[in-house]
Amino acid sequence: MDVDKIESALRADIAAAGDPEALDAVRVRYLGRKGRVTAMLRAISDAPAEDRPRLGAESNRIKILVEELLAARRAELVPQDENAFYAAPIDGTLPATDGSSGRRHVLVQTFNEMRGIFHGMGYRLASGPEVELEYYNFQSLNFPEEHPSRDLQDTFYLTDDILLRTHTSPVQVRYMEEHTPPLKIIAPGRVYRNEAIDQSHAAEFHQIEGLYVDTDVSMADLKGDIALFIQQLFGSKTQIRFKPHFFPFTEPSVDVDMTCFGCAGSGCSICGQTGWIEIMGAGMVHPNVFRAVGYDPDQYTGFAFGIGVDRVAMIRHGIDDIRLFLANDVRFLRQF
Ligand code: DAH
(Lines give C-alpha, C1' and ligand atoms only; values in the text may rest on other atoms or scores of the structure.)
Protein backbone atom coordinates (compact mmCIF):
# COMPACT_ATOMS: atom_id res chain seq x y z
CA MET A 1 0.00 0.00 0.00
CA ASP A 2 1.31 3.37 -0.99
CA VAL A 3 1.04 5.51 2.10
CA ASP A 4 2.90 8.40 0.53
CA LYS A 5 0.46 8.50 -2.38
CA ILE A 6 -2.52 8.64 -0.07
CA GLU A 7 -0.89 11.42 1.94
CA SER A 8 -0.15 13.60 -1.07
CA ALA A 9 -3.65 13.02 -2.51
CA LEU A 10 -5.10 13.98 0.88
CA ARG A 11 -3.10 17.22 1.07
CA ALA A 12 -4.18 18.14 -2.46
CA ASP A 13 -7.83 17.35 -1.75
CA ILE A 14 -7.91 19.39 1.43
CA ALA A 15 -6.18 22.36 -0.15
CA ALA A 16 -8.72 22.26 -2.98
CA ALA A 17 -11.75 22.23 -0.65
CA GLY A 18 -13.06 25.80 -0.86
CA ASP A 19 -15.92 25.70 1.66
CA PRO A 20 -17.09 23.64 4.65
CA GLU A 21 -19.25 21.36 2.49
CA ALA A 22 -16.40 20.48 0.15
CA LEU A 23 -14.24 19.85 3.21
CA ASP A 24 -16.84 17.52 4.63
CA ALA A 25 -16.87 15.57 1.36
CA VAL A 26 -13.09 15.13 1.74
CA ARG A 27 -13.61 13.87 5.27
CA VAL A 28 -16.07 11.25 3.99
CA ARG A 29 -13.73 10.26 1.17
CA TYR A 30 -10.99 9.40 3.67
CA LEU A 31 -12.63 8.60 7.00
CA GLY A 32 -16.14 7.53 5.91
CA ARG A 33 -17.33 3.94 5.94
CA LYS A 34 -15.95 3.39 2.43
CA GLY A 35 -13.12 5.87 2.83
CA ARG A 36 -9.51 5.28 1.93
CA VAL A 37 -8.16 5.36 5.48
CA THR A 38 -10.95 3.11 6.67
CA ALA A 39 -10.03 0.64 3.96
CA MET A 40 -6.41 0.79 5.08
CA LEU A 41 -7.37 -0.05 8.64
CA ARG A 42 -9.57 -2.93 7.49
CA ALA A 43 -6.81 -4.36 5.34
CA ILE A 44 -4.54 -4.78 8.34
CA SER A 45 -6.26 -7.92 9.55
CA ASP A 46 -5.79 -9.58 6.13
CA ALA A 47 -2.07 -8.78 6.00
CA PRO A 48 0.67 -11.23 7.03
CA ALA A 49 1.30 -11.15 10.79
CA GLU A 50 4.81 -9.73 10.47
CA ASP A 51 3.54 -6.72 8.46
CA ARG A 52 0.68 -5.82 10.80
CA PRO A 53 2.57 -3.64 13.36
CA ARG A 54 4.03 -1.47 10.59
CA LEU A 55 0.71 -1.20 8.73
CA GLY A 56 -1.10 -0.37 11.97
CA ALA A 57 1.36 2.40 12.78
CA GLU A 58 1.19 3.87 9.27
CA SER A 59 -2.60 3.74 9.11
CA ASN A 60 -2.88 5.45 12.46
CA ARG A 61 -0.44 8.16 11.46
CA ILE A 62 -2.50 8.85 8.33
CA LYS A 63 -5.74 8.83 10.26
CA ILE A 64 -4.42 11.40 12.73
CA LEU A 65 -2.95 13.43 9.87
CA VAL A 66 -6.34 13.50 8.11
CA GLU A 67 -8.01 14.80 11.26
CA GLU A 68 -5.36 17.45 11.84
CA LEU A 69 -5.39 18.70 8.26
CA LEU A 70 -9.20 18.80 8.22
CA ALA A 71 -9.29 20.81 11.46
CA ALA A 72 -6.67 23.25 10.22
CA ARG A 73 -8.45 23.78 6.90
CA ARG A 74 -11.80 24.19 8.65
CA ALA A 75 -10.33 26.94 10.82
CA GLU A 76 -9.23 28.71 7.65
CA LEU A 77 -12.62 28.41 6.01
CA VAL A 78 -14.95 29.31 8.89
CA PRO A 79 -14.11 33.02 9.12
CA GLN A 80 -15.07 33.40 5.45
CA ASP A 81 -18.23 31.56 6.22
CA GLU A 82 -19.10 34.02 9.04
CA ASN A 83 -18.42 36.96 6.79
CA ALA A 84 -20.82 35.51 4.27
CA PHE A 85 -23.40 35.13 7.04
CA TYR A 86 -23.15 38.75 8.11
CA ALA A 87 -23.02 40.01 4.55
CA ALA A 88 -26.27 38.21 3.69
CA PRO A 89 -29.19 40.60 3.16
CA ILE A 90 -31.56 40.99 6.15
CA ASP A 91 -35.01 39.60 5.65
CA GLY A 92 -37.28 42.40 6.76
CA THR A 93 -40.35 40.23 6.42
CA LEU A 94 -39.36 37.94 9.32
CA PRO A 95 -41.57 38.34 12.42
CA ALA A 96 -40.02 40.49 15.14
CA THR A 97 -38.91 38.94 18.40
CA ASP A 98 -40.68 40.27 21.51
CA GLY A 99 -38.57 43.21 22.62
CA SER A 100 -40.13 43.59 26.04
CA SER A 101 -38.44 46.33 28.06
CA GLY A 102 -38.73 47.83 31.51
CA ARG A 103 -40.62 51.01 32.28
CA ARG A 104 -41.06 53.52 35.08
CA HIS A 105 -43.37 52.57 37.92
CA VAL A 106 -46.77 54.25 37.62
CA LEU A 107 -46.13 56.15 40.88
CA VAL A 108 -42.83 57.46 39.51
CA GLN A 109 -44.57 58.49 36.28
CA THR A 110 -47.25 60.29 38.29
CA PHE A 111 -44.72 61.94 40.56
CA ASN A 112 -42.59 63.08 37.61
CA GLU A 113 -45.60 64.72 36.05
CA MET A 114 -46.55 66.49 39.28
CA ARG A 115 -42.98 67.55 39.90
CA GLY A 116 -42.76 68.97 36.37
CA ILE A 117 -45.76 71.20 37.00
CA PHE A 118 -44.43 72.45 40.34
CA HIS A 119 -41.04 73.01 38.78
CA GLY A 120 -42.65 75.31 36.23
CA MET A 121 -44.21 77.26 39.10
CA GLY A 122 -40.86 77.89 40.77
CA TYR A 123 -40.81 75.14 43.41
CA ARG A 124 -37.45 73.55 44.23
CA LEU A 125 -36.99 69.97 45.38
CA ALA A 126 -36.21 69.22 49.01
CA SER A 127 -36.02 65.97 50.93
CA GLY A 128 -35.80 64.55 54.41
CA PRO A 129 -35.39 61.17 56.13
CA GLU A 130 -38.05 58.47 56.35
CA VAL A 131 -36.75 57.45 59.77
CA GLU A 132 -37.54 60.66 61.59
CA LEU A 133 -37.34 62.22 65.05
CA GLU A 134 -40.56 62.61 66.94
CA TYR A 135 -39.58 66.25 67.23
CA TYR A 136 -39.76 66.89 63.48
CA ASN A 137 -42.74 64.67 62.77
CA PHE A 138 -44.94 66.06 65.57
CA GLN A 139 -43.59 68.48 68.16
CA SER A 140 -42.11 71.16 65.90
CA LEU A 141 -45.28 70.97 63.80
CA ASN A 142 -47.37 72.07 66.76
CA PHE A 143 -49.03 68.70 67.44
CA PRO A 144 -50.46 68.74 70.97
CA GLU A 145 -49.03 66.06 73.33
CA GLU A 146 -52.31 64.19 73.35
CA HIS A 147 -52.98 64.33 69.59
CA PRO A 148 -54.42 60.97 68.45
CA SER A 149 -52.03 60.59 65.51
CA ARG A 150 -49.17 60.38 67.99
CA ASP A 151 -50.73 57.19 69.26
CA LEU A 152 -48.96 53.85 68.80
CA GLN A 153 -52.01 52.74 66.90
CA ASP A 154 -51.34 55.26 64.15
CA THR A 155 -47.57 55.64 64.18
CA PHE A 156 -44.72 53.15 63.86
CA TYR A 157 -42.29 54.02 66.65
CA LEU A 158 -38.74 52.66 66.55
CA THR A 159 -37.84 54.09 69.97
CA ASP A 160 -39.58 56.59 72.24
CA ASP A 161 -38.45 59.48 70.08
CA ILE A 162 -37.61 57.91 66.70
CA LEU A 163 -40.36 56.87 64.30
CA LEU A 164 -41.21 56.25 60.65
CA ARG A 165 -42.48 59.61 59.41
CA THR A 166 -46.25 59.68 59.06
CA HIS A 167 -46.21 62.54 56.57
CA THR A 168 -43.76 64.67 54.56
CA SER A 169 -44.49 67.79 56.66
CA PRO A 170 -41.33 67.36 58.82
CA VAL A 171 -39.30 68.31 55.71
CA GLN A 172 -40.82 71.81 56.02
CA VAL A 173 -39.19 72.26 59.42
CA ARG A 174 -35.87 70.73 58.40
CA TYR A 175 -35.72 72.97 55.33
CA MET A 176 -36.64 76.16 57.18
CA GLU A 177 -33.98 75.44 59.82
CA GLU A 178 -31.36 75.54 57.05
CA HIS A 179 -32.70 78.38 54.86
CA THR A 180 -34.10 81.88 55.16
CA PRO A 181 -37.12 83.12 53.17
CA PRO A 182 -38.13 83.56 50.47
CA LEU A 183 -38.37 79.84 49.86
CA LYS A 184 -40.60 77.69 47.73
CA ILE A 185 -40.17 73.91 47.87
CA ILE A 186 -41.81 70.59 47.25
CA ALA A 187 -40.70 67.56 49.25
CA PRO A 188 -41.78 64.19 47.87
CA GLY A 189 -41.40 60.86 49.58
CA ARG A 190 -42.70 57.75 51.22
CA VAL A 191 -44.64 57.91 54.47
CA TYR A 192 -45.78 55.24 56.92
CA ARG A 193 -48.89 54.69 58.99
CA ASN A 194 -49.92 51.89 61.26
CA GLU A 195 -53.18 51.40 59.37
CA ALA A 196 -55.66 48.59 59.09
CA ILE A 197 -54.91 47.78 55.46
CA ASP A 198 -57.66 47.66 52.86
CA GLN A 199 -58.15 48.79 49.29
CA SER A 200 -57.93 52.46 50.19
CA HIS A 201 -55.48 52.26 53.13
CA ALA A 202 -51.87 51.15 52.91
CA ALA A 203 -49.17 51.23 55.59
CA GLU A 204 -46.78 52.82 53.09
CA PHE A 205 -47.79 55.50 50.63
CA HIS A 206 -46.41 58.66 49.03
CA GLN A 207 -46.92 62.37 49.48
CA ILE A 208 -45.67 65.62 48.06
CA GLU A 209 -45.32 68.40 50.58
CA GLY A 210 -45.38 72.00 49.40
CA LEU A 211 -44.17 75.08 51.25
CA TYR A 212 -43.93 78.72 50.27
CA VAL A 213 -42.68 81.32 52.75
CA ASP A 214 -42.05 85.00 52.13
CA THR A 215 -43.29 88.34 53.37
CA ASP A 216 -46.98 88.88 52.54
CA VAL A 217 -47.91 85.38 51.36
CA SER A 218 -51.69 85.09 51.58
CA MET A 219 -54.46 82.55 51.30
CA ALA A 220 -55.12 83.93 47.81
CA ASP A 221 -51.60 82.86 46.78
CA LEU A 222 -52.35 79.40 48.12
CA LYS A 223 -55.56 79.15 46.19
CA GLY A 224 -53.94 80.45 43.01
CA ASP A 225 -51.06 77.97 43.09
CA ILE A 226 -53.28 75.02 43.91
CA ALA A 227 -55.79 75.89 41.19
CA LEU A 228 -52.99 76.27 38.64
CA PHE A 229 -51.46 72.96 39.66
CA ILE A 230 -54.75 71.04 39.63
CA GLN A 231 -55.78 72.48 36.28
CA GLN A 232 -52.48 71.53 34.68
CA LEU A 233 -52.69 68.02 36.07
CA PHE A 234 -56.38 67.28 35.57
CA GLY A 235 -57.43 69.70 32.82
CA SER A 236 -58.10 73.42 32.55
CA LYS A 237 -61.84 73.12 33.25
CA THR A 238 -61.26 71.59 36.69
CA GLN A 239 -62.67 73.69 39.55
CA ILE A 240 -61.45 73.65 43.14
CA ARG A 241 -63.08 74.54 46.44
CA PHE A 242 -61.78 74.95 49.99
CA LYS A 243 -63.49 73.45 53.02
CA PRO A 244 -62.51 74.45 56.56
CA HIS A 245 -60.44 71.75 58.27
CA PHE A 246 -57.92 71.32 61.08
CA PHE A 247 -54.21 70.60 60.92
CA PRO A 248 -51.99 71.48 63.91
CA PHE A 249 -49.32 73.07 61.69
CA THR A 250 -51.58 75.39 59.67
CA GLU A 251 -54.06 78.09 60.63
CA PRO A 252 -56.44 78.42 58.93
CA SER A 253 -56.44 74.90 57.48
CA VAL A 254 -58.43 73.61 54.53
CA ASP A 255 -59.29 70.44 52.68
CA VAL A 256 -59.14 71.01 48.93
CA ASP A 257 -61.78 69.46 46.70
CA MET A 258 -61.69 69.39 42.91
CA THR A 259 -64.46 68.70 40.44
CA CYS A 260 -64.46 65.01 39.61
CA PHE A 261 -61.96 63.84 37.01
CA GLY A 262 -64.40 61.13 35.88
CA CYS A 263 -67.64 63.08 35.43
CA ALA A 264 -66.60 66.76 35.57
CA GLY A 265 -69.00 67.34 38.45
CA SER A 266 -72.20 65.59 37.42
CA GLY A 267 -71.69 62.57 39.71
CA CYS A 268 -70.18 59.12 39.06
CA SER A 269 -68.69 56.16 40.90
CA ILE A 270 -65.23 57.79 41.30
CA CYS A 271 -66.68 60.68 43.33
CA GLY A 272 -69.45 58.70 45.01
CA GLN A 273 -72.05 60.71 43.02
CA THR A 274 -71.02 63.97 44.71
CA GLY A 275 -69.20 65.51 41.73
CA TRP A 276 -66.26 66.44 44.01
CA ILE A 277 -63.05 64.67 44.98
CA GLU A 278 -60.97 65.49 48.04
CA ILE A 279 -57.46 65.92 46.71
CA MET A 280 -55.23 67.55 49.32
CA GLY A 281 -54.80 69.29 52.66
CA ALA A 282 -53.43 72.80 52.92
CA GLY A 283 -53.30 75.96 54.99
CA MET A 284 -51.33 78.97 56.20
CA VAL A 285 -48.22 78.01 58.19
CA HIS A 286 -48.96 78.23 61.92
CA PRO A 287 -46.95 80.88 63.82
CA ASN A 288 -45.73 78.18 66.24
CA VAL A 289 -44.04 76.35 63.36
CA PHE A 290 -42.23 79.57 62.43
CA ARG A 291 -41.20 80.03 66.05
CA ALA A 292 -39.82 76.45 66.14
CA VAL A 293 -37.42 77.27 63.29
CA GLY A 294 -36.53 80.74 64.56
CA TYR A 295 -38.55 82.77 62.05
CA ASP A 296 -40.41 85.86 63.25
CA PRO A 297 -44.14 85.19 62.59
CA ASP A 298 -44.72 88.95 62.39
CA GLN A 299 -42.25 89.20 59.53
CA TYR A 300 -43.07 86.11 57.48
CA THR A 301 -46.17 84.33 56.30
CA GLY A 302 -46.45 81.19 54.23
CA PHE A 303 -48.64 78.43 52.98
CA ALA A 304 -48.19 74.66 52.98
CA PHE A 305 -49.96 71.76 51.36
CA GLY A 306 -49.76 67.99 51.27
CA ILE A 307 -50.98 65.81 48.43
CA GLY A 308 -51.06 62.01 48.06
CA VAL A 309 -49.26 60.68 44.99
CA ASP A 310 -50.94 57.27 45.19
CA ARG A 311 -54.32 58.94 45.34
CA VAL A 312 -53.63 61.08 42.28
CA ALA A 313 -52.47 58.00 40.34
CA MET A 314 -55.62 56.11 41.40
CA ILE A 315 -57.91 58.91 40.25
CA ARG A 316 -56.14 59.42 36.94
CA HIS A 317 -55.90 55.75 35.99
CA GLY A 318 -59.07 54.43 37.59
CA ILE A 319 -57.13 52.17 39.98
CA ASP A 320 -59.39 50.96 42.77
CA ASP A 321 -56.90 49.29 45.13
CA ILE A 322 -53.95 51.15 46.66
CA ARG A 323 -52.23 47.87 47.54
CA LEU A 324 -51.52 47.21 43.85
CA PHE A 325 -48.79 49.87 43.77
CA LEU A 326 -46.37 47.96 45.96
CA ALA A 327 -47.49 44.42 45.10
CA ASN A 328 -44.87 44.17 42.32
CA ASP A 329 -47.18 42.37 39.93
CA VAL A 330 -45.74 43.08 36.48
CA ARG A 331 -49.10 42.36 34.83
CA PHE A 332 -50.44 45.41 36.70
CA LEU A 333 -47.35 47.57 36.25
CA ARG A 334 -47.04 46.92 32.49
CA GLN A 335 -50.33 48.66 31.83
CA PHE A 336 -48.92 52.13 32.45
N1 DAH B 1 -49.45 66.31 56.55
C2 DAH B 1 -50.84 66.16 56.21
C3 DAH B 1 -51.22 64.71 56.18
O4 DAH B 1 -50.37 63.89 56.13
C5 DAH B 1 -51.12 66.75 54.85
C6 DAH B 1 -51.01 68.24 54.91
C7 DAH B 1 -52.08 69.01 55.21
C8 DAH B 1 -49.80 68.83 54.67
C9 DAH B 1 -52.04 70.40 55.26
C10 DAH B 1 -49.70 70.24 54.73
C11 DAH B 1 -50.84 71.00 55.04
O12 DAH B 1 -48.55 70.86 54.51
O13 DAH B 1 -50.73 72.35 55.08
O14 DAH B 1 -52.38 64.40 56.17
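Tutor: Let's get one cut-off out of the way: a charge sits over a ring if NZ of Lys or CZ of Arg is within 6 Å of the ring centre and within 35 degrees of the ring normal. Keep in mind that this is a predicted model.

Now the ligand. It has 15 residues around it, and the closest are His-167, Ser-169, Arg-193, Gln-207 and Glu-209. Sorted by class, that shell has 5 nonpolar, 8 polar and 2 charged residues. Strands E5 (204-214), E8 (276-285) and E9 (301-308) each give at least two residues to the shell. On its own the ligand has 360 Å² of accessible area, and the protein covers 89% of that.

On to the rings. Phe-118, Tyr-123, Tyr-212, Phe-229, Phe-303 and Phe-305 are linked by ring pairs into a cluster. Tyr-212 also has the charged end of Lys-184 over its ring, 5.0 Å from the centre. Arg-174 does likewise with Tyr-136, lying over its face at 4.1 Å from the ring centre.

The structure has 15 aromatic pairs in total. One of them is Phe-138 with Phe-143: their centres are 5.0 Å apart and their planes at 70°, so the pair is edge-to-face. Both of these Phe residues are buried. Tyr-295 and Tyr-300 make a tilted pair, with 5.5 Å between centres and 55° between planes.

Definitions and conventions:
Residues numbered from 1 in each chain as written. Predicted model: local features only at pLDDT ≥ 70, side-chain atom pairs only at ≥ 80, totals over all residues. Heavy atoms only, no water. Near = heavy atom within 4 Å. Areas by Shrake-Rupley, 256 points an atom, 1.4 Å probe, with all protein chains shown as cover. Helix = DSSP H or I, 4+ residues; strand = E, 2+ residues; numbered from the N terminus. Nonpolar A, V, L, I, M, F, W, Y, C, P; charged D, E, K, R; others polar. Phe/Tyr/Trp six-rings, centres within 6.5 Å; stacked < 30°, edge-to-face > 60°. Buried < 20%, exposed > 50% of the residue type's maximum accessible area, 1.4 Å probe, protein only.
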